[in-house]
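Biologist: Let us go through this structure. Please say what each term rests on.

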Amino acid sequence: MTEGEDIAEIRRAVQALCAEFPGEYWRAKDRERAYPGEFVDALTKAGFLAALIPEEFGGSGLKLDAAAVIMEEIQSSGCNGASAHAQMYIMNTLLRYGSAEQKAQYLPGIADGSLRLQAFGVSEPTSGTDTLSLRTVAVRAGDHYVINGQKIWTSRAEHSDLMLLLARTTPREQAASKTEGLSIFLVDMRAALGNGLTIKPIRTMMNHSTTEVFFDDLRIPASALIGEEGKGFRYILSGMNAERILIAAECVGDAKWFIEKATAYAKDRSVFARPIGQNQGVQFPIARCYAQMRAAELMVHHAAQTYDQGGNPGAEANMAKLLASEASWAAADMCVQTFGGFGFAEEYDVERKFREARLYTVAPISTNLILSYLAEHVLGLPRSY
Ligand SMILES: Cc1cc2nc3c(=O)[nH]c(=O)nc-3n(C[C@H](O)[C@H](O)[C@H](O)COP(=O)(O)OP(=O)(O)OC[C@H]3O[C@@H](n4cnc5c(N)ncnc54)[C@H](O)[C@@H]3O)c2cc1C
């Protein structure tokens, strides 16, 4: 893949910013399970989180493929983009399906950093991956909707002003088809908190600021509805394709970080009076991870470019996510093995990145569900569920 100077410039700029946030910064945040607000502010100030916002609203009007490069560089620099990535992928839903009024109302604030759009409320405790079975309801009452229900794993909800919420507006049995009857809303959490919205943090194996969110007769203005009522599942699928592509780019960045760390360590660490990297038993796993990462990288850019051409590349986004998450997890495991005992010591950051990288074969969609999508929708095999 040859990249233009503009993309190379983005890579250099992200690397320079990330250099200000070294391992010590992330280790301290990880230890305290604290939100890396300084890092997110720096990304916002530099304009990276407004990459996809059109220039007329204060952003840089870049394509998803360029946004993918930003997320990849954050990860390959050893930082953790999970603190901010939702703004990129939620943005696409607002850009593709939001009204002119909604864009004018929110985009300038998101671009200048006065508004954070970091929360994505889809997953629920009872429905799991079966999104169409979600139970959170939004009932129209005059010029408002009243929301009741619960979300889980709503990451960054405590650090976001806005949440993109998926809720049922027509009972499943009354909907025209099984994919109709869900709607998406842009919820202003500043007004909602304490007025029907409660957020409860969940501690996880890595520092991810994830939460449970409870809706108890929360009233939101009808103008919070994005697009047409009942069509939310279609909109969310398009947003999920953007999310999968961006997360896949992060996985490629993680894989690059693990490969670089392992290579440097294998050259430097001497055992039996020679560098461990002289042994093919140490070299080959690193080389294999490199090849795996490069293949995933090609699929990520192919998927992003297809998305940028206006399509909804379900198969490509899913394959990018599958290949990249497996490449990053393989590289994480290889890196720990290359470091031996030191892979477990906090100060090398390998164990932290290892824990962080583990997420992506599960979320935002698990490997099995991607395989079943490919089997059914690409290969035409019988539907399994
Ligand atoms: C740290 C973290 C952050 C997250 N952030 C967000 C967020 O910001 N917003 C949000 O909406 N969600 C978020 N999620 C939720 C995430 O998208 C889900 O956890 C993920 O999609 C898997 O869903 P589940 O946990 O309900 O697993 P389940 O659906 O319960 O599945 C459990 C296991 O069973 C397998 N399985 C289920 N059905 C089948 C089948 N038919 N065939 C084969 N295998 C099957 C799955 O592959 C999986 O391995 C987050 C999750 C985590 C852990």
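**The ligand shell and its surroundings**

Modeller: The ligand is surrounded by 22 residues, the closest being Val 122, Gly 128, Thr 129, Trp 153 and Ser 366. A residue is near a molecule if its C-beta atom, placed from the backbone, lies within 6 Å of it. This is a predicted model: local features need pLDDT of at least 70, side-chain atom pairs count only at pLDDT 80 or more, and totals for chains, interfaces and linings use all residues. Numbering runs from 1 along each chain as its sequence is written.

Biologist: How many residues of each class are in the shell around the ligand?

Modeller: Ten nonpolar, twelve polar and no charged. Ala, Val, Leu, Ile, Met, Phe, Trp, Tyr, Cys and Pro count as nonpolar; Asp, Glu, Lys and Arg as charged; the others, Gly among them, as polar.

Biologist: Which element gives the largest share of the shell?

Modeller: α12, with three residues. Both β1 and α12 (367–378) supply at least two. Helices (H or I, at least four residues) and strands (E, at least two) are DSSP runs, numbered from the N terminus.

Biologist: Why is the ligand shell said to lie between domain 2 and domain 3?

Modeller: Domain 2 (119–230) and domain 3 (234–378) both give residues to the shell, so it lies between them. Domain bounds come from an automatic or database domain assignment.

Biologist: What makes strand β1 mostly covered?

Modeller: Five of the five residues in β1 (117–121) are buried. Buried means 20 or more other C-beta atoms within 10 Å of the residue's own; exposed means 12 or fewer, and partly exposed is in between, with C-beta atoms placed from the backbone.

Biologist: How do you know that β1 and β4 pair?

Modeller: Pairing requires at least two bridges found by DSSP between the strands. β1 and β4 (residues 162–168) have four, in the parallel sense. Ala 119 stands opposite Met 163 in β4.

Biologist: How many residues are in contact between domain 1 and domain 2?

Modeller: 15 residues of domain 1 are in contact with 17 of domain 2. Contact means C-beta atoms, placed from the backbone, within 7 Å. On the domain 1 side, α5 gives the most, five residues.

Technical notes: Contact = placed C-beta atoms within 7 Å.
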